[in-house]
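Colleague: I would like to learn how to read the features of a model like this one. Please take them one at a time, with the general idea before the case.

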Amino acid sequence: MKKKMSYQRIKDLPVYRQALSLRTMSREIASFVTYNKDLLTLAKSNSLRDQMADSLLTDAILIPQQIARAEGTTSMLTRQHSIHFIQVMIQNLAMYCRGLEKDGVREREYLDLLREEVKHFRRSFKKWRKSLLD
């Protein structure tokens, strides 16, 4: 079994760095596409676009947390749960991009950049997942 990882070692993991990049890009896109520029109150908005942006941001924030959780435990059950959770969040990010497009976001190139970032994250995630479960 693997030992618990220190925060410094988690920060050095490529998958963790990718997740942080996803989080940053999601925050920027959420800020850009929303009508309500106060990101802390997006969930309370009546705007579908604001709610999708809030969900995009929330899921992107949860991914690095789940990576750290999986790396910080020796419990295989906790690791599997975190991996499954991350897989769901990755799918959600793609759906939020489609939803924002359908809601009329004109700056599709930003959503395409996020999709590309998700694609890079998936590659890194697959390698990490395999190493974590071996």
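Modeller: Start with a helix crossing, which is left-handed if the near helix is turned anticlockwise from the far one by less than a right angle, and right-handed if clockwise. Here α2 passes α3 in a left-handed crossing. Helices (H or I, at least four residues) and strands (E, at least two) are DSSP runs, numbered from the N terminus. The model is predicted: local features need pLDDT of at least 70 and side-chain atom pairs count only at pLDDT 80 or more, while totals for chains, interfaces and linings use all residues. Residues are numbered from 1 along each chain as its sequence is written, and side-chain values use heavy atoms, with hydrogens and water left out.

Colleague: At what angle do α2 and α3 pack?

Modeller: Axes are lines fitted to C-alpha atoms, for helices over the stretch in contact, and angles run from 0 to 180 degrees between N-to-C directions. For α2 and α3 the angle is about 165°, and their axes are 9 Å apart. α2 is therefore roughly antiparallel to α3 (under 35 degrees is roughly parallel, over 145 roughly antiparallel, 65 to 115 roughly perpendicular, the rest oblique). Contact means heavy atoms within 4.5 Å; among the residues making it are V15, Y16 and A19 of α2, and I63, P64 and I67 of α3.

Colleague: Which residues touch the most other members of the largest nonpolar core?

Modeller: A nonpolar core is a set of buried Ala, Val, Leu, Ile, Met, Phe, Trp, Tyr and Cys residues joined through side-chain atoms within 4.5 Å. Buried means under 20% relative accessible area, exposed over 50%, partly exposed in between (1.4 Å probe, protein chains only). The largest core has 34 residues, and I63, I67, I86, L93, F121, F125 and W128 touch the most other members. The elements giving two or more residues to this core are α2 (14–33), α3 (48–71), α4 and α5. Not counting residues up to four places away in sequence, I67 touches V15, Y16, A19, I86, F121 and W128.

Colleague: Is S82 buried or exposed?

Modeller: S82 lies in helix α4 and counts as buried because its relative accessibility is 0%. Leaving aside neighbours within four places in sequence, S82 is in contact with Q66, R69 and A70.

Colleague: How many salt bridges does a search of the whole structure find?

Modeller: Side chains of opposite charge can pair when their charged atoms come close. A salt bridge is a side-chain nitrogen of Lys or Arg within 4 Å of a carboxyl oxygen of Asp or Glu. The search finds five. E101 pairs with R108 at 3.0 Å, N to O, and with R115 at 3.1 Å, N to O. Salt bridges link E101, R108, D112 and R115 in a network.

Colleague: Where do K119 and E116 lie?

Modeller: Both lie in helix α5, three residues apart, about one turn of the helix. K119 counts as partly exposed at 40% relative accessibility, and E116 is partly exposed with a relative accessible area of 33%.
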